[in-house]
Every structure is written in C-alpha cells, then in structure tokens.
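User: I would like to go through this structure with you, one element at a time. Could we begin once it is on the screen?

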Amino acid sequence: MRLKIALLLIFSFLAFGVRSQNTNPEIDKKVAELLSKMSTEEKIGQMTQITVTSFEAKGKPGEFDIAKLNEAIQKYHVGSILNVPNPGAPTIKRWNEVVTAISNEANKSRLKIPVLYGIDAIHGSSYTAGATLFPQQIGMAATFNTDIVKKGAKISAYETRASSIPWVFSPDLDLPRNPAWSRLWESFGEDVYLSARMGEAMVKGFEGSDVGSKYNVASCMKHYIGYGSTTTGKDRTPSIIPERVLRQFDLTIYQAAIKAGAKSVMVSSGEINGTPIHASKYLITDVLKKELGFQGVVVTDWKDIIYLYTRHKVAENNREAVKLSVMAGIDMSMVPEDYTFYVDLLDLVNKGEVPMSRIDDAVTRILKMKFELNLFQTTVANLKDYPKFGSPEFIDAAYNAAAESITLLKNNNAVLPLNRNEKVLLTGPTANSMKYLNGGWSYNWQGENSDTYAADKMTILEALQNEIGKENVLYTPGADLANFNDAEIARTVEMAKGVSKIILCLGEKNYTETPGDISNLYITASQSKLALALSKLNIPIVLVLNEGRPRLISDFEDNMSAVVQCYLPGNEGARALADILYGDVNPSGRLPYNYPRYPNSLEKYNRKYTESLGDDEQNNDAKYEKSYSPQFEFGTGLSYTTFEYSNLKIDKTEISNSDDLKVTVDVKNTGKVSGKVSVLLYLSDKVASITPEVKALKRFEKINLASGESKTVSFTLNQKDLQFVNNDLKWISENGTFKIQIEGLTKEFILK
C-alpha cells in the first residue's frame, strides 16, 4: 500500500468555518432571556409542528375553525405550522389572510412568540397561485450553471415571502443511487461535486446576506441522510450504506450547504443499516451537531416519529418513539395532525426521562431562527413590497433556466433544428398538459392541478403552434401514459404520412414520494408501442422526454433521429423547448446522471474499474456483453455548434501535500452559431488503497462563445480534491499518479 500522506480534513467547527454557526450576541441574549421566561409546556409547544389543514372547519375546506386554532396555540403552544390550506395554492392575498389569522392568535399568547410557517417551495413558490415555477431541481442541475440556480432560489424566496412564509423545505441534497427512485428529480443528480455546488448556490439564493430580510427565507436541507439510496429504489425503504461511503459522498453535500449558511435540516424518512435516521443519535447529534458544528434546527419529516413504532418497529409505542427521536437530537416534530408528540414529550420531561437540557437546546435553536428571520418584528407580508411577484422579469428567468436545462442527447444527420416551413406531427401523451412539464410539488402535493392553475401557460402543443402556426402542426395523443388502443395508434401512423418530421413526446405521470414508486424502469408499454409503430414509417422522429427519472428507451431509441431530454422544465418549459427545436436557442444542458440502457445495468459514471471491463481483459474463449454501456453517459449534452478543446496545461507535474494545482484549457467555438458549453474537469486517482473511481467530476464552468471565439478556462484543484475516506473513516490522500481529463484531453501529475 502506498504511503498515506496525511489526514487533511477533520469534521469540526474549524474545518468548515460555517457561516450559519456565526453567533450574533444580540440574538443570543434575546433567546436566552425569552427561554428563561418559558414554561416547560411552552417550550415543548415550540418543538411541535402541525399541518394547517388540522385547523379547518368541518365541511369547509380552507376555512379556519378559530376554536381549533386557539387550542393549538393557547393550549398546546404550537410553534410551527406547515403545508397548504385546501383546496391548494392560495393567492398571495389569501396567504396573507391565513398567516394574519395565525399571527393574531399567537399575539394573544402569554409570551407572544410568533409561529414559524414552513412550506414545500420546491421549484419556485410552488404552493402559491401565480408564482414563478422553475425547472425541477434535476433540470436545474442540468444547466451546470450555479448562477441560474442561485437566481432561481432568490426569486423563489421573494415570492415565498410575498406569501408571508419565511421558511422553505429546500434544497433537496439527496444523492440517488437507484434511478428508479421516485424523488430523483427533486435532487441534483448522481454526482457529489455537482450536487454540493448546486446546493450551496441554492442556499445562498434563499438566504442572501441577511436571512431576516423581507425578501429572503430560511432554507432547509433535506433529507439528512442517505435517503436517496434505497436498495429497492422505492421510497422510504431501507438502505445499506457503509459509513465510509456515507461520509465521502452523501455527507460532503451537506457540508457544503452548512458552510453556505443553511438554517435548518430535515431528517430522512429512511433507515441505514437497520437504524432509522430519526432514531440515530450518532448521525444527528454526534456527526451533524458536534462534528459539523451545525447549530440550526433539526426537523422531522411527515409523521416520522410516529413511524418509528408503526413502520420501523424500533419503538413499542409513540411515547418510546418520541423519547428515541428527541434524545437522538430532533428539535422539531412534524407531527403533524395531532398533539401526541406534545403530550408524550411533556410526560417524559416531567418524569425525568428526557432532560431539560435537551429541551432547552432544541428550543434555543428554534427561537434563534425565529429571531434571525425577524418574525418578532413582522410575520405578515405587506403586499405592496412585492411588485415583482409573477413579473415578466421573473418569468424570463424561469424561461432562461429551462432553456439552459433542456439537453440534446442525440441529433443524427443534424435533424435539429427543424425547418419552420415543414409540417410536423406532434404526438405522445405528454404533448398537451402542464402536469407533465411541472411534475409533483406543483400547486399541490402530486401536481395534478397544474392544468388549472397554469392554464395561461403553454403546453408543448401550444408552444409549437405559436412557433410555426397551427396550420403546420398536426396533433393527436397517440396513446396515454398507461393505456393504448390499436385504432388510435393506426390513426396516428396514418396522420404521420403527410408530414416530414414527427415530434414524439413521451414521459411520466406527475408524482412524488411513494405514489411515484415503480417496479419497471422501462418507459410504459403504451408509449413504447407508439414509438415502434411510428418508427416503421422511415420519417425522422424527434423524441422529446418529459420525465423525472430516466425511463428506459432502449427498445426503440435506435429508431429515433434525435433525443431531447426536458426533465420537468416548469411553466416556461414548452416555450423553451419550441425555441430549441427551431434553433432560436442553442441547447446547452448536460445530463446530471447516467441514463441506463438496461434495468440490471445501473452503473454510475464514476463507477469502479471492475464495472467496466475492457476487451483486453476478457478471455478469448468466451463471448462477453459489454459491462458498461449506458444509453447516455453523465455529462452528455450536444449543441448546434461545435467546440474544440486544446492546450490543456497544468502548472506543475509534481505536487506536495500542501500544493494547489492550476489547470487551463482553451475552448473554441468552431461552428457557425454562438453557443454555451459547460467545461467539465474530471480527476482520476490511478492507484489507491480503496479501489478508485474511473473518474470523478471536480470542477465545471459554463461559458458562452460566439462563432469563431476562443476562451481560456482556468481551474484550481486543491488537496481536498485528491482525498478519499479510508476504512478508518479518515480523509486521506496518497502519493502516486493522478490524471486530469477535459473532453478528450488528458494530463497526469504526481502527488509526492
């Protein structure tokens, strides 16, 4: 084994210099004074979070029963409320009324502690009517542009505060290891470095330089930790993750967001190696709070303390579950529909089974965030302060995000961009609905009402008609997502015979969480049958995918002339797609995950060498199927122009364990149109005591080049980039040779 140079990273306060941990003496003093005045009951109430629908009058959706609200705040001292009133997605005026009613009730309490309202603002202020909806996170990752992500979060914060809500359950920092997982689209994809940079940008966009500003919100990292790594690929099912892997990959993303200033974290609903995260004192207190020095609020996910005994079976009853989770380090329980947490925790404290020190720690964190958000000054937005809500400026930002996210994966014979003078057939089940552009967490949980709330936005059909005229677009659904009928397919085939190109829109239903679980990663049979039928016509087909995860298309992809991945591009996605299809916009997105070809071949791009055997390693007396063969690899993204890379240089060929390494490369647009391109730098450790990855993304930068223009792109690699976590759970680097790769260029250097 090679010489181990040093343990360069220790999980501690000093290692990260975390902005969120900077103390504010004035706020600390106010928190301590208020805490000293609080009764045990008032403290436990602060730790209790209830869903807003619990206060609705019977038979009157969306209307408060004031007696229920009074009971929650005056009797149970509830400190936080979440979720959206029925029937979903209030206007900012209605949100103002809802939060005013809650605030008025809180002002009647003994200490007048404001209620902290939290919401799932997932791709914009997605629970507010008229708000600006961006691409879902997976699409934002595909931009490879942190400025776009930060700007989107800043706009989301503005419009969420306009809704009188100061706390958002975002960003999603999960690292999916199975592409079937129903929340993959809520993440930034499969790469640690990309996810960390995007998460960091989103936190900074939400919180700004002053989280208490009327235009900023507190962010909530989720779902700590390992949630996206279920062995089955189904939501809320067990994960098996060695701690070495957890620390090197998953935890790294959270470290970046904590350093960026994230005020809170939501705990994973899952379990790792047989221990539910909500019951893990090691992961919540020892690692998150002590090693990382996180001083923000730790909140549960929906009912997850209750689930410790009803699902996970690690507690005999709710009382034991409450004790387990609070002692593990939970600060706030998303109960969310009753007061069992309050009742049981009060009993546990009164009987000495949970120490007051643990309660005081939790409540201190909660009160600190309330003071930081300036909730003691104001909890209700003055709508006159938000003239840009839903403005053309914000809509343009969402359009630009969609335009930079949409990814061209294939373009045989330059079939794209299309000719405006040609008649096209538009078909497929996702071609004429906003549901399939937005997905879940859009106006309500599963996003099924997008066609109503976003009726003024364009579907793909409407965007194409707007682009080239209704007379040039023939349309028929061809099939739906689950069912087909032979007569409809035959009719679609017949219609196609009169056009020069077919635009085939396939994808998935709107979903999130467990309702999105699937047992078959292949795209649905109805869509596959439609694609195969059309492919027999010898007419170029442009396949447009609207999907939250990579549904397998290997049965018919060879017959497609072009493939465009839209992900879930949001309300402006269809306009952006139309502009890309017709060349008004040059596509620049890149895949943030490997797109698999087969359901039993789900390797990540940063696979181990044993997952990609070369021909020279195989015995000549047997036939082998290629061991690594994704449909499209991480980082794939074509353009309507061409880029030439040259002059890859490094400033040293040998470095010590204290040196940085400067890398430069020249990039030239050698085509006829301007275009944006993300320059990706990969690093490979050629030999290591823990089997190394084939390559790992370490830097990226998106640049814009006019036709014929060149730019020199510079990167600096530091010692952390060379490290991995060993079996002693220590970050180390080892001497030896490393390889840098940018496109087809490589350079090697030696660490001594």
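This is a predicted model: local features need pLDDT of at least 70, side-chain atom pairs count only at pLDDT 80 or more; totals for chains, interfaces and linings use all residues.

User: Which residue in S28 is the bridge partner of leucine 683?

Analyst: The partner of leucine 683 is isoleucine 740.

User: And what joins S23 to strand S24?

Analyst: There are 9 bridges between S23 and S24 (residues 696-705), and these strands run antiparallel. Within that pairing, glycine 675 has leucine 705 of S24 as its bridge partner.

User: How many residues of S23 are buried?

Analyst: Of the 11 residues in S23 (residues 675-685), 10 are buried, so the strand is largely enclosed by the rest of the structure.

User: What about strand S14, and how many of its residues are buried?

Analyst: In S14 (residues 407-411), 5 of the 5 residues are buried, so S14 is also largely enclosed by the rest of the structure. It is joined by 4 bridges to strand S19 (residues 562-565), with antiparallel direction. In S19, valine 563 stands opposite lysine 410.

User: Changing topic: what is the strand order in the open sheet of 5 strands?

Analyst: The order is S7-S6-S5-S2-S13, and the pairing is parallel. Strands S7 (167-168) and S13 (333-334) stand at the edges with a single partner strand each, so one side of each has no neighbour in the sheet.

User: Inside that sheet, how many bridges join S2 to S5?

Analyst: Strand S2 (residues 48-51) and strand S5 (residues 80-82) are joined by 3 bridges and run parallel. Isoleucine 50 has isoleucine 81 in S5 as its bridge partner.

User: On to helix H7, then. What is its span from first to last C-alpha?

Analyst: Helix H7 (residues 146-162) has 17 residues and reaches 24 Å between those atoms, close to the 24 Å expected at 1.5 Å a residue.

User: Is H7 largely enclosed or largely open, and why?

Analyst: H7 is largely enclosed by the rest of the structure, because 12 of its 17 residues are buried. Among them are Ile148, Val149, Tyr158, Glu159 and Arg161.

User: Which elements do those buried residues pack against?

Analyst: The buried residues of H7 pack against helices H5 (92-106), H6 (137-142), H8 (192-207) and H15 (392-405), as well as strands S6 (116-119) and S7.

User: Finally, what is found at the ends of H7?

Analyst: Asparagine 145 caps the N-terminal end of H7, with a side-chain oxygen 3.0 Å from the backbone nitrogen of aspartate 147. H7 is followed by serine 164, which has a positive phi, near 65°.

Notes
Residues are numbered from 1 along each chain as its sequence is written. Side-chain values use heavy atoms; hydrogens and water are left out. Buried means under 20% relative accessible area, exposed over 50%, partly exposed in between (1.4 Å probe, protein chains only). Helices (H or I, at least four residues) and strands (E, at least two) are DSSP runs, numbered from the N terminus. Two strands pair if DSSP finds at least two bridges between them. The expected span of a helix is 1.5 Å times one less than its number of residues. Contact means heavy atoms within 4.5 Å. A polar contact is a pair of N or O atoms within 3.5 Å; within protein, one must be able to donate a hydrogen and the other to accept it, and residues adjacent in sequence count only if both atoms are side-chain atoms.
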